Amino acid sequence: MGEAERGEAAPRQTVTYFCHHDHRSVIAFSVEADVPDTWDCPKCGMPASLDSENPPEAPRIAPYKTHLAYVKERRSDAEAASILDEALASLRSKRKAGEIIF
Ligand SMILES: [Zn+2]
């Protein structure tokens with residue numbers, strides 16, 4: 001069963017990769033393959049390397065930015081202050097005119 005029917009399996013080597021999360025993944029390669037220095041960890045997807053003492057750092061992912069953070073990127077504080085003044089002036093005049101009652 002198996003090998004006799006399918007022919008001989010190509011000779012293999014197993015290589016152990018280590019990721020940032022201390023996962024240890026044993027990957028089988030053909031002995032003819034060039035073994036890569038890094039491999040994506042099958043358990044967590046982080047890069048893994050051959051060096052158990054020094055696994056690669058997790059790649060930097062840009063932190064989620066709030067809508068306000070994007071607005072602050074586009075507008076300076078001075079612009080923000082002038083927009084706020086405008087909005088307050090408009091609000092106050094509407095209050096005076098009785099259009100807004102709070
Ligand atoms: Zn992992």
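Biologist: Is H23 buried, partly exposed or exposed?
Modeller: H23 is partly exposed, with a relative accessible area of 22%. Keep in mind that this is a predicted model.

Biologist: Which atoms coordinate the zinc ion?
Modeller: The ND1 atom of H23 is one of them. The others are the SG atoms of C19, C41 and C44. The distances run from 2.0 to 2.3 Å.

Biologist: What spacing do the zinc donors follow?
Modeller: Along the chain the pattern reads C-x3-H-x17-C-x2-C.

Biologist: And why is the arrangement around the zinc ion called tetrahedral?
Modeller: Because the four donor atoms subtend angles of 105 to 116°. The cut-off asks for all angles between 85 and 135 degrees.

Biologist: Back to C41. Buried or exposed?
Modeller: C41 counts as buried, at 4% relative accessibility. The limit for buried is under 20%.

Biologist: Now the sheet. What is the order of its strands?
Modeller: The order is β2-β1-β4-β3. Four strands form this open sheet, and the pairing is antiparallel.

Biologist: Which strands are at the edges?
Modeller: β2 and β3. Each of these pairs on one side only. From one strand to the next, the twist averages 45°.

Biologist: How many bridges join β1 to β2?
Modeller: Seven, and the two strands run antiparallel. Within that pairing, F18 stands opposite R24 in β2.

Biologist: How many join β3 to β4?
Modeller: Three bridges, again with antiparallel strands. For D40, the bridge partner in β4 is P47.

Biologist: Which way do the side chains of β2 point?
Modeller: They alternate. S25, I27 and F29 point to one face and are buried.

Biologist: What about the turn between β1 and β2?
Modeller: That hairpin has four residues between its strands. D22 lies in this loop, between β1 (12-19) and β2 (24-30).

Biologist: What is the phi of D22?
Modeller: It is positive, about 60°, although D22 is not a glycine.

Biologist: Is D22 buried or exposed?
Modeller: Exposed, with a relative accessible area of 72%.

Biologist: Changing topic. How many aromatic pairs does the structure hold?
Modeller: Three. One of them is Y17 with F29, which is edge-to-face. The ring centres are 6.4 Å apart and there are 70° between the planes.

Biologist: Which strands does that Y17 and F29 pair tie together?
Modeller: Y17 lies in β1 and F29 in β2, so the pair ties together parts that are 12 residues apart in sequence. Y17 and F29 are both buried.

Biologist: Why is the pair of Y17 and W39 stacked?
Modeller: Because the planes of Y17 and W39 are at 25°, and the cut-off for stacked is under 30 degrees. Their ring centres lie 6.0 Å apart.

Biologist: Which strand holds W39?
Modeller: W39 lies in strand β3, and Y17 in strand β1, so this pair ties together parts that are 22 residues apart in sequence.

Biologist: Let's zoom out. How is the protein chain divided?
Modeller: There is domain 1 (10-49) and domain 2 (67-97). Their C-alpha centres lie 55 Å apart.

Biologist: Where does A58 lie?
Modeller: A58 is in the loop between β4 and α2 (67-74). A58 counts as partly exposed, at 30% relative accessibility.

Biologist: How far apart are A58 and R75?
Modeller: They are 17 residues apart in sequence. In space, they are 32 Å apart, C-alpha to C-alpha.

Key. Residues numbered from 1 in each chain as written. Predicted model: local features only at pLDDT ≥ 70, side-chain atom pairs only at ≥ 80, totals over all residues. Heavy atoms only, no water. Buried < 20%, exposed > 50% of the residue type's maximum accessible area, 1.4 Å probe, protein only. Domains from an automatic or database assignment. Donors = N, O, S within 2.8 Å, 3.2 Å for Na, K, Ca; no water. Tetrahedral: all angles 85-135°; square planar, octahedral: opposite > 155°, others 65-115°. Pairing = 2+ DSSP bridges. Axes fitted to C-alpha atoms, helices over the stretch in contact; angles between N-to-C directions. Phe/Tyr/Trp six-rings, centres within 6.5 Å; stacked < 30°, edge-to-face > 60°.
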